[in-house]
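Okay, everyone, thanks for coming.

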Amino acid sequence: MQDTYDAIVVGAGPSGSVAAYMMARGGLKVLLLERGPHPGSKNMFGGTIYALPTADIFPEFWKDAPWERFVTTEYLYFLDDDSAFQIGFTNMVYGKPPYNKVVVHRGVFDRWVAQKAVNEGAVLQTNALVTNLIYEKSLFGRDKVQGVQLDNGCIYYADAVILCEGINSFLTKQAGLRTDIPAETVKLYAKQVFRLPRSILEDRFHLEGDEGAIYAFTGYPTAGVIGKAGIWTGKETLALITGGFLDQLAEKRMSPYELLERTKRHPLIRRLLKDAEPIEYAAHMIPKGGFKMIPQLYDHHLLIAGDAATMVSGRRGTDLAMLSGKMAGETILQAHAKGDFSQKILSNYGWKINQSFFMTDIRKKRGTDKYVAKYQDSDYLISRAMNEFGSEFFHVGMGTEQDKMKKIQQELKQIQLPLKSFEDVWQALRHWEVL
Ligand SMILES: Cc1cc2nc3c(=O)[nH]c(=O)nc-3n(C[C@H](O)[C@H](O)[C@H](O)COP(=O)(O)OP(=O)(O)OC[C@H]3O[C@@H](n4cnc5c(N)ncnc54)[C@H](O)[C@@H]3O)c2cc1C
């Protein structure tokens with residue numbers, strides 16, 4: 001294998017494979033390095049990819065991408081021990097092209113994206129763990145990245161390197177572009193996948209054909225840690241995830257696996273999973289630090305994209321990874337055309353990211369961390385308040401309706417002051433983007 005390329009991409013997740021695809025399609029010699037035995041082997045998510053941003057890169061991707069289902073129904077359940085308050089939405093139009101949210105298995109979807117890059121001429125090397133960036137010493141100014149080194153000692157050279165290494169972005173740190181990632185800016189999730197015969201699954205979740213559903217759960221599953229649980233329907237699989245902020249899990253001495261087991265014990269979730277056969281376990285982190293944790297996105301001959309660049313907004317991650325990978329790839333194509341990979345030219349990538357719709361959203365969410373740190377019980381208390389309300393409201397007693405409303409008000413006040421409840425709900429709508 002030749003050891004000099006126009007560009008090297010580290011990590012064949014959605015951001016890396018799209019960056020490689022863009023550059024290879026533009027005629028560059030591209031090397032895509034993935035530490036796992038195949039793209040996607042180290043990745044897990046809920047999860048759904050989002051149709052519109054995906055189609056921006058791969059038009060009508062659903063014609064050949066390995067999808068599981070097209071989401072038409074979403075529920076959010078506020079769970080207490082024995083009760084559940086729910087809100088939901090169904091739209092059959094989302095089940096038809098151009099679709100909305102698409103359930104995929106990352107193990108196969110990531111392979112498909114990487115193959116797109118390979119089809120354009122990129123070289124994919126798996127079982128290739130990059131351990132070091134190689135620098136050209138500069139007498140004046142910063143040293144320049146000129147390649148990467150693998151754990152087996154192999155060295156590859158290129159005009160540009162794009163780091164798409166996901167949340168454990170230690171090469172980004174090695175490059176001096178970010179500091180350590182604090183535990184309060186990261187959520188840790190455990191996931192279990194179950195097999196359930198297609199006909200039972202569709203009956204249970206009220207689905208027909210290729211329609212899919214997402215059930216999100218808050219309150220009970222995370223036992224006072226800010227986080228969530230969720231079920232995504234595949235063709236004949238159910239994916240269950242549970243988790244929350246890493247610092248809160250550590251403080252309360254809870255593991256996401258314990259939370260997963262707790263989630264499965266809830267009477268409602270137990271019923272949804274009845275007779276489903278567990279086939280897979282995984283755990284993964286997601287960067288939730290928002291704007292203030294975004295590293296410097298470019299340096300001489302170097303760009304950062306995807307989770308490594310904290311391109312996450314609410315439940316959107318894969319699409320922002322792919323869009324940032326696309327922008328990174330386009331920037332390197334422009335730099336190649338100019339024959340200039342200096343920080344000044346590559347700053348164009350930072351400019352593109354800053355102008356993007358998702359960066360506007362990420363900027364707007366500044367301050368969420370303070371709220372989350374101050375009110376670690378907000379998930380739990382909102383759920384309790386909604387369930388108290390539901391239990392009284394739907395209960396038929398022997399008093400007047402006025403007495404009933406008074407009792408509801410008193411019970412809600414006992415949980416927390418009404419003003420705090422309003423603030424929790426407002427913050428939930430503003431920051432958590434639960435649906
Ligand atoms: C529990 C959970 C649920 C989620 N649900 C959703 C969802 O429903 N929808 C959504 O859009 N997003 C979701 N996300 C977020 C989404 O998964 C990420 O934002 C997305 O995967 C980021 O893509 P990426 O390419 O930047 O990084 P990754 O997907 O993490 O890929 C990084 C790749 O780099 C490789 N790598 C790392 N270091 C090296 C190295 N040194 N050398 C070689 N290879 C390396 C890894 O093996 C990996 O393949 C979820 C995340 C989690 C954890």
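Glu 60 is partly exposed, at 39% relative accessible area; partly exposed here is anything between buried, under 20%, and exposed, over 50%, with a 1.4 Å probe and protein chains only. Its partner is Lys 63, and the closest N and O atoms of that salt bridge are 2.5 Å apart. Lys 63 is exposed, at 63%. By salt bridge I mean a side-chain nitrogen of Lys or Arg within 4 Å of a carboxyl oxygen of Asp or Glu.

Quick word on the source: this is a predicted model, where local features need pLDDT of at least 70 and side-chain atom pairs count only at pLDDT 80 or more, while totals for chains, interfaces and linings use all residues. Residues are numbered from 1 along each chain as its sequence is written, and side-chain values use heavy atoms, leaving out hydrogens and water.

Next, helix 7, residues 256-265, where Glu 261 and Lys 264 sit three residues apart, about one turn. Helices are DSSP runs of H or I, at least four residues, and strands are runs of E, at least two, numbered from the N terminus. The two side chains meet at 3.1 Å, N to O. Glu 261 is partly exposed at 32%, but Lys 264 is buried at 19%.

Last one: Arg 198 bridges to Asp 210, with the closest N and O atoms at 3.4 Å. Arg 198 is in helix 5, and Asp 210 is in the loop between helix 5 and strand 12, twelve residues along.
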